[in-house]
Amino acid sequence: MTIPVKLMSATEDRSVRFHQVHTEDLGRVRVRKYCEAEDREVSAAEIGKGYEVSKDTLVAVTDEELEQMPLPTAKAIEIVAFVPAASIDPVRLSGDSYFLQYDGQVAAKPYVLIAQALARNTKVAVAKLAWHGRERLVLLRVRDGALVAHVLKWDDEVRDPSELAPKEAKVNDSEIDEVLQLIDSMTTDDISGYQDEYGQALEPVLEAKAEGHQPPKPSTEDEEPGGKVVDLMAALQESVRNAQAARGEDAGRAEVHEMPKKTATTRKTAGKAPAKKTAKKKPAAKKPGRGQRGA
């Protein structure tokens with residue numbers, strides 16, 4: 001079954017963009033492309049692709065040669081399998097997402113057919129397509145009746161994290177229970193209310209600079225010096241109380257657990273206040289151009 005579709009970016013990049021400038025006179029700093037062999041600047045029309053066979057040998061590869069490669073995914077999105085959605089490791093998601101818009105009335109019925117079939121179960125489609133000079137693996141799912149393609153990393157592009165987790169750290173059941181209580185108190189079904197606080201804080205700074213004024217000084221009321229060693233259980237209990245208060249719940253009195261006896265190393269850090277946590281947002285996805293595809 002072939003479904004003519006148009007590939008469209010599913011996201012918009014709202015991040016603030018800065019230019020590189022010469023700090024002394026604010027002159028724009030630009031990147032110029034030079035040919036090493038002729039020692040001169042070259043135009044975009046003179047620039048092509050070259051593959052490094054060895055340290056001193058390059059071979060030219062043209063766009064026409066790449067387009068003529070005998071790949072079934074060159075002009076189509078080829079569905080290769082259906083898998084449970086829960087089986088896809090989120091680390092494989094590259095951040096690039098695209099809506100698939102049906103192209104022409106002949107594509108409407110098969111498009112709706114596969115979209116509704118996917119919406120009625122917990123499976124997603126895994127497909128392959130050629131995109132931006134290479135073949136990509138993508139996940140196809142349904143969002144509000146529309147098909148969405150999420151670009152996936154290949155197996156060999158995902159690093160092995162087995163050596164990253166600390167092996168010497170030990171936690172007990174009481175600490176895990178506190179974290180579970182914190183998770184429950186912070187659980188929500190809607191994350192639409194979160195905003196880009198960095199971008200909002202940057203606006204008055206840019207406005208002041210544009211008007212020739214000094215930017216407003218940051219507030220230091222809530223700042224605490226970092227690097228403090230904390231009582232982990234006390235910090236977890238405080239986090240639970242804060243989360244419950246933020247949701248308008250009665251936090252009550254948090255359960256106090258008996259802490260291990262102090263040692264020579266813990267006496268030096270007793271009574272320290274818990275350090276604050278901050279969350280860091282992910283960068284927005286890139287916005288590529290539009291292309292013609294068939295699913």
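Reader: How many helices and strands are there in the protein chain?

Author: Helices (H or I, at least four residues) and strands (E, at least two) are DSSP runs, numbered from the N terminus. The protein chain has five helices and eleven strands. This is a predicted model, in which local features need pLDDT of at least 70 and side-chain atom pairs count only at pLDDT 80 or more, while totals for chains, interfaces and linings use all residues. Residues are numbered from 1 along each chain as its sequence is written, and side-chain values use heavy atoms, with hydrogens and water left out.

Reader: What percentage of the residues count as buried?

Author: Buried means under 20% relative accessible area, exposed over 50%, and partly exposed in between (1.4 Å probe, protein chains only). Of the 295 residues of the protein chain, 20% count as buried.

Reader: Which residues have the most contacts inside the largest nonpolar core?

Author: A nonpolar core is a set of buried Ala, Val, Leu, Ile, Met, Phe, Trp, Tyr and Cys residues joined through side-chain atoms within 4.5 Å. The largest one has 20 residues, and Leu-7, Ile-77, Leu-100, Val-138, Leu-140 and Leu-147 have the most contacts inside it. Elements that give two or more residues to this core include strand E1 (4–9), helix H2 (108–119) and strand E9 (134–143). Seven residues form a second, separate core, among them Val-83 and Leu-152.

Reader: How is an aromatic pair described?

Author: A pair of aromatic rings is described by the distance of the centres and the angle of the planes. Rings of Phe, Tyr and Trp (its six-membered ring) pair if their centres lie within 6.5 Å; planes under 30 degrees apart count as stacked, over 60 as edge-to-face and the rest as tilted. The structure holds one such pair. The ring centres of Tyr-102 and Tyr-111 are 6.0 Å apart and their planes are at 55 degrees, so the pair is tilted. Tyr-102 is partly exposed, at a relative accessible area of 39%, whereas Tyr-111 is buried, at 5%.

Reader: Which side chain does the side chain of His-150 join in a polar contact?

Author: A polar contact is a pair of N or O atoms within 3.5 Å; within protein, one must be able to donate a hydrogen and the other to accept it, and residues adjacent in sequence count only if both atoms are side-chain atoms. The side chains of His-150 and Arg-141 are joined by such a contact of 2.8 Å. His-150 lies in strand E10 (residues 146–152) and is buried, with a relative accessible area of 13%.
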